[in-house]
Amino acid sequence: MSSASDPLVALGALPGVAESVESVRKAVDRVYGHRVMRRRGGEITSEAALRGARGSAALSGADWALEEVRRRTDFGADPEALTVGAALRLTAEGGQLLSIWRQSPMRVLARLHLVASGRAEAGDVVGRPRLAGEPVDEPLVDLPLPDADEVAGRLDGLSRVVIAGGSAPALVTAAVVHGELLALRPFGSYNGLVARAAERIVLINSGLDPKAICPAEVGHAEQGAEAYLEAFKGYVSGTAEGMAAWIAHCGRAIELGARESTAVCEALQRGAA
């Protein structure tokens with residue numbers, strides 16, 4: 001990703017991206033316009049958070065049924081439980097970090113990793129980008145790791161772009177933040193969960209989804225790990241076609257998240273939830 005001034009605007013002009021942006025906006029507007037949102041918006045937000053956490057955990061190897069996630073209270077028994085617990089904590093924490101994101105995205109990312117790890121006293125490995133030679137445990141992504149110097153430089157570039165703001169559509173910014181963090185895998189663990197949590201923060205902070213009712217994580221999981229990785233490889237390629245495909249994939253994920261919350265609204269309206 002270039003660190004040139006407002007590099008995201010050019011991505012918004014790629015073939016097909018404008019159509020994805022418009023399609024996402026319409027999907028989000030539809031769910032926000034649902035009559036249930038006027039009366040029970042808080043319930044929709046809470047349910048979207050739960051379903052989003054479940055979807056993100058599924059992509060990181062813990063594909064639990066929604067009701068299992070809903071009923072469990074112990075998330076420290078095995079690797080899958082740890083992953084689900086991390087996803088739930090990240091979803092809860094993200095809303096507390098919105099005001100910090102545009103001023104200091106690196107502080108937010110460090111906090112997200114600390115929260116995901118659940119180990120406040122785990123030493124200096126947690127909550128900071130990895131150093132040279134430190135291993136990375138990322139169950140889904142099996143691509144070459146950028147070295148620590150490249151990670152530091154690209155994180156700085158990403159941070160500058162976020163702080164600068166700009167006129168790029170929220171979908172483009174969210175897709176780039178997600179893709180860049182997944183490509184860099186800057187932490188020793190939970191990079192996928194952190195990347196998807198950061199995507200959610202961008203979507204909320206941008207005003208596209210201010211009430212967090214369109215969980216993109218649901219859509220990423222629904223499209224499947226294979227499609228997710230194929231689209232992500234497009235991002236890593238850096239080509240115009242690959243970048244456009246990744247942005248479109250993220251856009252479709254948001255649309256599916258909006259559809260999920262619309263279904264929740266309909267169920268509440270029928271008195272079935």
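Me: In this predicted model, does glutamate 180 count as buried or exposed?
Reply: The cut-off for buried is under 20% relative accessible area. Glutamate 180 has 1% relative accessibility. Glutamate 180 therefore counts as buried.

Me: Which parts does the pair of arginine 154 and glutamate 180 tie together?
Reply: Arginine 154 forms a salt bridge with glutamate 180, with the closest N and O atoms 2.9 Å apart. The two residues belong to separate helices, so the pair ties together parts that are 26 residues apart in sequence. Those parts are helix 8 (residues 148-164), which holds arginine 154, and helix 9 (residues 170-184), which holds glutamate 180.

Me: Which residues are linked with Glu67 and Arg70 in a network of salt bridges?
Reply: The side chains of glutamate 67 and arginine 70 meet in a salt bridge at 3.1 Å, N to O. Both lie in helix 4 (residues 66-71), three residues apart. The network that links them also takes in Glu47, Arg51 and Glu260.

Me: Where is the kink in helix 3 centred?
Reply: Helix 3 spans residues 35-59 and has a kink of about 90 degrees. Just after this helix, glycine 61 takes a positive phi of about 100 degrees. The kink itself is centred on glycine 41.

Key
Residues numbered from 1 in each chain as written. Predicted model: local features only at pLDDT ≥ 70, side-chain atom pairs only at ≥ 80, totals over all residues. Heavy atoms only, no water. Bend = angle between axes of the 7 residues up to and from the residue. Helix = DSSP H or I, 4+ residues; strand = E, 2+ residues; numbered from the N terminus. Salt bridge = Lys/Arg side-chain N within 4 Å of Asp/Glu carboxyl O. Buried < 20%, exposed > 50% of the residue type's maximum accessible area, 1.4 Å probe, protein only.
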